[in-house]
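Work through the exercises below with the sequence and the model at hand. Try each task before reading its solution.

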Amino acid sequence: MRSLPSIIHLDMDAFFASVEQAAKPSLRGKPVIVGGLGGRGVVSTASYEARRFGVHSAMPMAQARRLCPNAAFLAGRFEAYRQVSELVMALLRELSPLVQPLSLDEAFVDLEAGPYGPVLAEADHGTGERLVLALAEDLRADIERRTGLTASVGAAGSKLMAKIASEQAKPDGLVLIEPGQERAVLGPMPVRALPGIGPATEQVLRRAGLTTVAELAAAGEAELVQLLGRAHGVGVHQMAIGLDDRPVVADQDAKSVSVEDTFEVDLADRDRVLREVEALALRCVRRLRGAGRSGRTVVLKVRRFDFSTLTRSETLRGPTDDETVIVETARRLASQVDITGGVRLLGVGVAQLADYTQEDLFAQAVREEAEAAAAAGAGAGAEEEPEAVEEEAAVVRRWLPGQDVRHAEYGPGWVQGSGVGRVTVRFETPWSGPGRVRTFAIEDPALEPARPLPLREGWPAEDVDDDE
């Protein structure tokens, strides 16, 4: 444990929604909800304006629409989020080479490993804390200047406490927890505040009468080991008393993303198993998107009543983070598993990760089939095939709310909505005022998908000049 709070944790505020508000002047100060827009979609991020209505991440989108019907509901633009994330991570690496990204909008930084490390090593306690606070405030100011977005930062002597501090700092704040104050800060918190304690572990602890971190600390290591097992029990007790010596590890390259749940009662009903697999797959997609990754192989893990464990996997034609593709693949794998006797654990993962996304495999399949049909029609000399191919290709061209577009006459804008053969576009840029709305035919040749615009005019060229 460190004597100086030289580990910081940065967390961008409502990141996806904040990027959308920064990119779309007409949405600033208004509720914005980003996520899956289909019948089974879930909320990825809600702006703080939407959170006042009770909307939060991982909520079913249908429920979010009921709670906040006047919000802007947008599909994710992960290329835009990755662009902003890369800029933020570059600013963090100016402070230290030891930057551990946890997702697109969240990272730990070890200040002792950076250019200010020698100064921190020689400084007295008060001077060291003031320097950490100054560095953190400068970082937040740089992020806002470059992106227009706000970030919350926590500083502490360990990764555990730095993350706790950044949660306390939200939104748009800075909190420093002095080394030595760990137990005083953690004590009143619910057990779920500790990493690694999920719903199943919380229920085990609750049945034992342990609901706060202070109660975990008082229970002692032996009781927690008895309740949770050796490895988990020891780890939970260490965190409960404020001990965390995990180092900041730079640029962890995960080979897969996965989630799993253990059930108190073995599941023997096939429909229930499929529902749980679907929920796990959606959680896995959220984690995958949060890391800015996509994957090609969907993996199902099943631990049966007799503790035997089996895995099933299916490799797709290309990397994807599409929730429909991953959910349907996981359900298909689960339907092939013998659950006789019951299932005690289920897990869903995505492997063979990539940094790009095959955004819509179903659309790709339609395009390939249309091209194949066109080729077959040309070879056979059929006269009706091209018309059929044109009709099918038109189905592929769909416009998603929030999508970046460019019109040959009106310039850049974004899709507000589409339906009944029409698409509505608002023409504005991140550095303009709120723009005008126009409606076009869905197949209008003058309207094309576009790359995201930078949030600050002149970036990234401005930043290249700064680096030089």
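**Exercise 1. The chain as a whole**

Task: Find what share of contacts in the chain between residues at least 6 apart in sequence join residues at least 24 apart.

Solution. Take contact to mean heavy atoms within 4.5 Å. Among contacts between residues at least 6 apart in sequence, 62% join residues at least 24 apart. The model is predicted: local features need pLDDT of at least 70, side-chain atom pairs count only at pLDDT 80 or more, and totals for chains, interfaces and linings use all residues. Residues are numbered from 1 along each chain as its sequence is written, and side-chain values use heavy atoms, with hydrogens and water left out.

Next, list the elements. The chain has 17 helices and 17 strands. Both are DSSP runs numbered from the N terminus: helices are H or I with at least four residues, strands are E with at least two. Then turn to burial. Of the 468 residues, 49% are buried. Buried means under 20% relative accessible area, exposed over 50%, and partly exposed in between, with a 1.4 Å probe and protein chains only.

**Exercise 2. Helix α4 and its partner**

Task: Compare the span of α4 with the expected value, then describe how α4 packs with α6.

Solution. Start with the span. Helix α4 covers residues 78-95, which is 18 residues. From first C-alpha to last it reaches 26 Å, close to the 26 Å expected. The expected span is 1.5 Å times one less than the number of residues.

Now look at burial. Buried residues of α4 include F78, Y81, V84, L87, V88, L91, L92 and L95. An α-helix has 3.6 residues a turn, so residues three or four places apart point the same way.

Next, the packing. α4 and helix α6 (residues 125-147) meet at about 150 degrees, with their axes 11 Å apart. Axes are lines fitted to C-alpha atoms, for helices over the stretch in contact, and angles run from 0 to 180 degrees between N-to-C directions. The two helices are therefore roughly antiparallel. Angles under 35 degrees count as roughly parallel, over 145 as roughly antiparallel, 65 to 115 as roughly perpendicular and the rest as oblique.

Last, the contact. On α4 it uses V84, L87, V88, L91, L92 and L95; on α6 it uses L135, L139, D142, I143, R146 and T147. These divide into 9 nonpolar, 1 polar and 2 charged. Ala, Val, Leu, Ile, Met, Phe, Trp, Tyr, Cys and Pro count as nonpolar, Asp, Glu, Lys and Arg as charged, and the others, Gly among them, as polar.

**Exercise 3. Backbone exceptions**

Task: Which peptide bond is cis, and where does D172 lie?

Solution. Most residues other than glycine have a negative phi, and most peptide bonds are trans. The bond from K170 to P171 is cis, with omega near -10 degrees. P171 sits in the loop between α7 (159-169) and β8 (174-176).

D172 lies in the loop between α7 and β8. Its phi is positive, about 60 degrees, although D172 is not a glycine. At 38% relative accessibility, D172 is partly exposed. By contrast, α7 is mostly covered, with 8 of its 11 residues buried.

Finish with A14. Its phi is near 45 degrees, a positive value in a residue other than glycine. A14 is in the loop between β1 (7-12) and α1 (15-23). At 6% relative accessibility, A14 counts as buried.
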